[in-house]
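Colleague: I'd like to go through the aromatic residues and the pocket with you. Can we start with how the labels are assigned?

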Amino acid sequence: HEVYTDYALKPISIIKGNDADKIIIRQMGGIVGDTFYSDSGAVHFQEGKRYMIYARLGDPIVPDDNEHYHVITTNCFEIDDNGNVNFMGIREDDVPKLWAQYDQALAASASKEALDK
């Protein structure tokens, strides 16, 4: 019996893939009764926070699940209120590539907001 938690996230920008108003990310771990189950590789998202994540549709937790996303890297980056991302723990030569992807997501989000008005 697998224990998992579903997190509903509102994407600000999707770099690759279909646009969506909401995605559900399924992570191992959760609470059943008074027992907390944890998976060291799972990301535990907090309400009200913003994150830069890499996820894909299809969840290895439940075979043939095509409704839920899962994080495809061990890195999930929290974005602070000033728009800064902490890339600590990432290889130094990978950081510029991540910043470029983040900037691309912000630009796409700004373009979408302009079109929605």
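Modeller: A residue is called buried when its relative accessible area is under 20%. Keep in mind that this is a predicted model. By that cut-off, Phe77 and Phe87 are both buried.

Colleague: How do you know that Tyr7 is buried or exposed?

Modeller: Tyr7 has 15% relative accessibility, and the limit for buried is under 20%, so Tyr7 counts as buried. Phe45 is buried too, with a relative accessible area of 9%.

Colleague: What makes Tyr7 and Phe45 an aromatic pair, and why is the pair called edge-to-face?

Modeller: Ring centres have to lie within 6.5 Å, and planes over 60 degrees apart count as edge-to-face. For Tyr7 and Phe45 the centres are 5.2 Å apart and the planes at 75°, so the pair is edge-to-face. Tyr7 sits in strand 1 and Phe45 in the loop between strand 4 (35-37) and strand 5, so the pair ties together parts 38 residues apart in sequence.

Colleague: What about Phe77 and Phe87?

Modeller: That pair is edge-to-face as well, at 4.8 Å centre to centre with 75° between the planes. Phe77 is in strand 8 (residues 77-79) and Phe87 in the loop between strand 8 and helix 1, 10 residues apart. Together with Trp99 and Tyr102, Phe77 and Phe87 form one aromatic cluster.

Colleague: And which element gives the most to the lining of the largest pocket?

Modeller: Helix 1, with four residues. The lining has 32 residues, which divide into 20 nonpolar, six polar and six charged. Among those nearest the pocket's centre are Pro11 and Tyr51.

Terms used. Residues numbered from 1 in each chain as written. Predicted model: local features only at pLDDT ≥ 70, side-chain atom pairs only at ≥ 80, totals over all residues. Heavy atoms only, no water. 1 Å grid on protein atoms, 1.4 Å probe; cavity = no way out; pocket = protein on both sides within 12 Å on 5 of 7 lines; lining within 4 Å. Helix = DSSP H or I, 4+ residues; strand = E, 2+ residues; numbered from the N terminus. Nonpolar A, V, L, I, M, F, W, Y, C, P; charged D, E, K, R; others polar. Phe/Tyr/Trp six-rings, centres within 6.5 Å; stacked < 30°, edge-to-face > 60°. Buried < 20%, exposed > 50% of the residue type's maximum accessible area, 1.4 Å probe, protein only.
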